[in-house]
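Dear colleague,

Please find below the structure that I am handing over to you. My notes on it follow.

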Amino acid sequence: MQLPPGKKVYFLSDFHLGAPNHEKSLERERLIVRFLEEVRKDAAVIFIVGDVFDFWYEYKHVVPKGYVRLLGKWAEIVDSGIPIHFFVGNHDMWMKDYFQKELNTPVYYEARDFTFNNAQFHIAHGDGLGPGDHGYKALKKLFRNPIAQWGFGILPPRVGMGLADYFSRKSRGGDHGEEVFHGADNEWLITYSREVLQQKKVDYFVFGHRHLPIDFRLSDSSRYINLGDWVIYFTYAVFDGEQLELKSYTGMDEKIVRG
Ligand SMILES: [Mn+2]
C-alpha cells in the first residue's frame, strides 16, 4: 500500500482492559479512546497488536460486558474509512466472528507481512515465537483446539468467565511488574526476527506481548520494535511513510529501550 501524503500508520498493543479492576481499566480505556480520536486525523491504517482485553471469550450469542467506549470508537473509526487490523494476543485469542462482523475488522492469529511505501513490516503479537517456552506453546495449542473451545463454551458463563479470570490473573503472575531487557541474545523475539531475516527482507518487526517498549537495530536496514503496553508505558509506533518512531503518549519516552 502506498500511503497518501501526510498519512501515517499507527501500531499499539497490550491494553489488558478489564485488569486490574473496573475503575483502573476504565481510566486506561478513556485514554486509549482519546489517543485513537487524535490519531484518526492522520491515520491511514491502525494496527492493534493483541491483548486488548485481559480476557475475551465469545459465546455463540454473547460477548463479555464492558469496553463500550473503545468498541464504539473502534466502530466509528472503521466506519469512517480507516481500517483497523487486529492481531489477537494470548489473552484474547478466543475470538469468533464478532470483530469481523460487528467492527469490520480483520482478525489475525499468526504473523503477517504488510508493505507500506516499499517498507516491509512483519507483525505479530509475539507470543509463542522464537525458541523455548514449550509449556506455553503446548497450552496455546490446547487453547486453540476447537474441541477445548467448544467445551469451554458450553460451561455456564459464570463458571467459564470465573475460570478465565483466575487463569488470566495467574498468567500475569498476579501483577504487571516492570519488565527489563534481557540482552540481544536472550530476547526471544530478537532471535525470532534474526531467523526470519535469513529468509526474507523485513524492515520492521513489530510485536507486542513483551510489555517493554523496545526499538532495537537488527541490521543496517532492519529494526525490531516492541510496542510496550498501555498499562505502564502507553507506547505506540508511528510510520510516516519514511520513518518509524516509537513514542509514549504519556511522556515516558526515556523508558523506551533503544539498542
Ligand atoms: Mn500482554
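**Manganese site**

In this predicted model, the residues that donate to the manganese ion are spaced along the chain as D-x1-H-x34-D-x159-H. The protein donors are Asp14 (OD), His16 (NE2), Asp51 (OD) and His211 (NE2), at 2.1 to 2.4 Å from the ion.

**Aromatic pairs**

Across the whole structure, 41 aromatic pairs were found. One of them joins Phe15 and Trp230: the ring centres are 6.3 Å apart and the planes stand at 70 degrees, so this pair is edge-to-face. It links distant parts of the chain, as Phe15 sits in the loop between β1 (8-12) and α1, while Trp230 sits in the loop between β9 (222-227) and β10 (235-239), 215 residues apart. Phe15 is buried, at a relative accessible area of 0%, and Trp230 is likewise buried at 0%.

Trp94 and Phe143 also form an edge-to-face pair, with centres 5.5 Å apart and planes at 80 degrees. Trp94 belongs to the loop between β3 (84-87) and α3 (98-103) and Phe143 to helix α4 (residues 134-144), so the pair ties together parts 49 residues apart in sequence. Trp94 counts as buried at 10% relative accessibility, whereas Phe143, at 26%, is partly exposed.

**Surroundings of Leu36**

Leu36, in helix α1 (residues 22-39), is buried with a relative accessible area of 1%. Leaving aside residues up to four places away in sequence, Leu36 touches Ile46, Leu70, Lys73 and Ile77. Leu36 and Ile77 are 41 residues apart in sequence, and their C-alpha atoms are 8.3 Å apart.

With kind regards

Methods:
Residues numbered from 1 in each chain as written. Predicted model: local features only at pLDDT ≥ 70, side-chain atom pairs only at ≥ 80, totals over all residues. Heavy atoms only, no water. Donors = N, O, S within 2.8 Å, 3.2 Å for Na, K, Ca; no water. Helix = DSSP H or I, 4+ residues; strand = E, 2+ residues; numbered from the N terminus. Buried < 20%, exposed > 50% of the residue type's maximum accessible area, 1.4 Å probe, protein only. Contact = heavy atoms within 4.5 Å. Phe/Tyr/Trp six-rings, centres within 6.5 Å; stacked < 30°, edge-to-face > 60°.
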